[in-house]
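Dear colleague,

Please find below the structure that I am handing over to you. My notes on it follow directly after.

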Amino acid sequence: MKKLQITDLLPEERQVIEHHYGNQVHSLHGFSPKQLLYLRDITDDEKEFFSHRDSHHLTGAILQMLYKIKGKLIPTRFNRALNVISRHDEALRMNFCDVGNRILAVVFQERLEMPEVVYRNLENVQGEQLDDILKSLMEADMRRSFDPKNGPIIRFSVYHTGEDEYAVV
């Protein structure tokens, strides 16, 4: 996939990008809080997702996974690990912007806003009731909207389900 710079865009596309993310041409020589690393056309898989939705008000999740973890999970370390991963994984520093005739993936130099992480204690819930609650929480999370233009497009929920046991969505 070809990486584009702001100067590669049509003037009307550049105007849309700079409206949402600030002046980028001058940021090549200075500071912009949302400095772009590059832009690119969206992939065929990404096009399929956006073809079914109003790109300005996305609801649901592209992918939702449940991991069950045994061991100690320390919230501050989990948050720190997310911060480190976002510095190394461009997908965690990406948003999507409709610039008129196409949607572009927008990759930032750094992610200023960290993904939302919700911590809940479900240690007093057992067996089938725990499975039902986790299923209900996951379904509710799927219905939450997110803005593909702004903020992280990933979020986490960490449920403490037992002594040294966690469910991470």
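A polar contact, as the term is used here, is a pair of N or O atoms within 3.5 Å, where one must be able to donate a hydrogen and the other to accept it. The model is a predicted one, and the notes below should be read with that in mind.

Arg155

By that criterion, the side chain of Arg155 reaches the backbone oxygen of Arg144 at 3.2 Å. A second polar contact, of 2.9 Å, joins the side chains of Arg155 and Asp141. Arg155 lies in strand 8, which covers residues 155-162. Is Arg155 buried or exposed? Its relative accessibility is 18%, and because the limit for a buried residue is under 20%, Arg155 counts as buried. Leaving aside neighbours within four places in sequence, the residues in contact with Arg155 are Glu116, Asp141, Arg144, Ser145, Phe146 and Val169.

Helix 4

Asp141, the partner of Arg155 in the side-chain contact, is also one of the buried residues of helix 4, along with Leu130, Leu134, Leu137 and Met138. These residues cover an arc of only 100° around the axis, and therefore sit on the same side of helix 4. On the other side of helix 4, Glu128, Gln129, Asp132, Lys135 and Arg143 are exposed. What covers the buried residues of the helix includes strand 3 (67-70), strand 6 (116-121), strand 8 and strand 9 (165-168). The length of helix 4 (residues 127-143) can be checked as well: at 1.5 Å a residue, its 17 residues should span 24 Å, and the end C-alpha atoms are 25 Å apart, which agrees.

Aromatic pairs

The count of aromatic pairs comes to 3. One of them is formed by Tyr21 and Phe108, an edge-to-face pair at 5.3 Å centre to centre with 70° between the planes. This pair links distant parts of the chain, with Tyr21 in helix 1 (residues 11-21) and Phe108 in strand 5 (residues 103-108), 87 residues apart. Tyr21 counts as buried at 3% relative accessibility, and Phe108 is buried with a relative accessible area of 3%.

The rings of Phe78 and Phe156 have their centres 5.8 Å apart and their planes at 85°, so this pair is edge-to-face. Here too, distant parts of the chain are linked: Phe78 is in helix 3 (residues 75-88) and Phe156 in strand 8, 78 residues apart. Phe78 counts as buried at 17% relative accessibility, and Phe156 counts as buried at 17%. Together with Tyr119, Phe78 and Phe156 form one aromatic cluster.

The protein as a whole

The secondary structure comes to 4 helices and 9 strands, in the order α-β-α-β-β-α-β-β-β-α-β-β-β along the sequence. Of the 169 residues in the protein, 36% are buried. Among contacts between residues at least 6 apart in sequence, 69% join residues at least 24 apart.

Confidence

The protein averages a pLDDT of 87, and 88% of the residues score at least 70. Among the elements, strand 9 has the highest mean pLDDT (97) and strand 2 (residues 58-59) the lowest (50). Where pLDDT is low, the predicted coordinates should not be read in detail.

With kind regards

Technical notes
Residues are numbered from 1 along each chain as its sequence is written. This is a predicted model: local features need pLDDT of at least 70, side-chain atom pairs count only at pLDDT 80 or more; totals for chains, interfaces and linings use all residues. Side-chain values use heavy atoms; hydrogens and water are left out. Helices (H or I, at least four residues) and strands (E, at least two) are DSSP runs, numbered from the N terminus. Buried means under 20% relative accessible area, exposed over 50%, partly exposed in between (1.4 Å probe, protein chains only). Contact means heavy atoms within 4.5 Å. Rings of Phe, Tyr and Trp (its six-membered ring) pair if their centres lie within 6.5 Å; planes under 30 degrees apart count as stacked, over 60 as edge-to-face and the rest as tilted. The expected span of a helix is 1.5 Å times one less than its number of residues. The arc is that of the directions from the helix axis to the C-beta atoms. pLDDT is the predictor's confidence in each residue, from 0 to 100.
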